[in-house]
Amino acid sequence: MAVRQAAAWCYRGGSISAEPRINDRIRVPEVRLVGPSGEQVGIVPLAKALELAQEYDLDLVEVAANARPPVCKLMDYGKFKYESAMKAREARKNQAHTVIKEMKLRPKIDPHDYDTKKGHVVRFLKQGDKVKITIMFRGREQSRPELGYRLLQRLAEDVQDLGFVESNPKQDGRNMIMVLGPHKKKTEAMAEAREAQAARKAERQGVSAADDSAEQEQSAEEPAEA
């Protein structure tokens, strides 16, 4: 069973564990060999597998050491390591980390400050980040929790196209807290940001090219000095 699973895993192109044994470092009498294109060659003596590796100008790489016999594959190991490193670097580059931003408001916030704070919340949600909204009560305000609750409800309604209430308002000491989650995933927001940046760059280049063309046409139309 282990052999069939290992062979199927290799055939599907499963990743190789870190620093597997290759070529002369493989010390077993026979191996289950997989060809360069994933084809099943079968169980062959190690010497035969090494001979085929030389014939194809490839490496013999042990991809499932715990199988009986071990599963080995013919491949260009140097190229494989390079491509794997590039894929890992690209994955790290595009990895999306969930970020929780925080925005603090007072129960009796004035309209201008509210609009400013709401603008920040909108920006965070567009970026695919969660937002923790904290209403801070002071003094007698603590006896009026409904003020904070209504403010949080208002904010949630104002940004409902971009986010949703992930954690309902709840009292936490002198504060009332609510968490908004974005409708868009972080990866989607990052992709849209990159597309927008590329579009702006292309537009700037287009405007620059148009200006250069206009200058050239104007120079061509100007009469030559006598």
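Reply: Gladly. Keep in mind that this is a predicted model. Start with E146, which is partly exposed, with a relative accessible area of 31%.

Me: Which residue forms a salt bridge with E146?
Reply: The general idea comes first. Side chains of opposite charge can pair when their charged atoms come close. Here R144 is the partner of E146, and the closest N and O atoms are 2.4 Å apart. R144 is partly exposed, at 38% relative accessible area.

Me: How many salt bridges does a search of the whole structure find?
Reply: The search finds 5. One of them joins R106 and E141, with the closest N and O atoms 2.9 Å apart. This pair links distant parts of the chain, 35 residues apart. R106 sits in the loop between β5 (100-105) and α4 (111-126). E141 sits in the loop between β6 (130-136) and α5 (145-158).

Me: Are R106 and E141 buried or exposed?
Reply: Take them one by one. R106 is partly exposed, with a relative accessible area of 26%. E141 is buried, at 15%. The cut-off that matters here is 20%: buried means under that value.

Me: What about K130 and E166? Where do they lie?
Reply: Their side chains meet in a salt bridge, 2.9 Å from N to O. K130 lies in strand β6 and E166 in strand β7 (residues 163-172), so the pair ties together parts that are 36 residues apart in sequence. K130 is partly exposed, with 23% relative accessible area. E166 is partly exposed too, with 38%.

Me: Now a charged residue without a salt bridge. How far away is the nearest side chain of opposite charge from D59?
Reply: That side chain is R25, and it is 10 Å away. A salt bridge needs the nitrogen and the carboxyl oxygen within 4 Å. D59 is buried and has no salt bridge.

Me: Which polar partners does the side chain of D59 have?
Reply: Look at two places. The D59 side chain makes a polar contact with the side chain of N23, at 3.1 Å. The D59 side chain also reaches the backbone nitrogen of Y77, at 3.0 Å.

Me: What else is in contact with D59, leaving aside its neighbours within four places in sequence?
Reply: Besides N23 and Y77, the list holds A53, K73, L74, M75, D76 and G78. D59 itself belongs to strand β3 (residues 59-64). Strand β4 covers residues 71-75, and K73, L74 and M75 are among the contacts of D59.

Me: How do β3 and β4 pair?
Reply: They run antiparallel, with 5 bridges between them. The two strands form a hairpin, and 6 residues lie between them. To find your place, note that E62 stands opposite C72 in β4.

Me: Which other strand is joined to β4, and by how many bridges?
Reply: Strand β1 (residues 30-34) is, by 3 bridges, and here the strands run parallel. Within that pairing, R32 has V71 as its bridge partner in β4.

Me: How do I read the two sides of β4, and is the strand buried or exposed?
Reply: In a regular strand the side chains alternate between the two faces of the sheet. In β4, V71, K73 and M75 point one way. C72 and L74 point the other way. As for cover, 5 of the 5 residues in β4 are buried.

Terms used. Residues are numbered from 1 along each chain as its sequence is written. This is a predicted model: local features need pLDDT of at least 70, side-chain atom pairs count only at pLDDT 80 or more; totals for chains, interfaces and linings use all residues. Side-chain values use heavy atoms; hydrogens and water are left out. Helices (H or I, at least four residues) and strands (E, at least two) are DSSP runs, numbered from the N terminus. Buried means under 20% relative accessible area, exposed over 50%, partly exposed in between (1.4 Å probe, protein chains only). Lys and Arg count as positive and Asp and Glu as negative; His and the chain ends are not counted. A polar contact is a pair of N or O atoms within 3.5 Å; within protein, one must be able to donate a hydrogen and the other to accept it, and residues adjacent in sequence count only if both atoms are side-chain atoms. Contact means heavy atoms within 4.5 Å. Two strands pair if DSSP finds at least two bridges between them.
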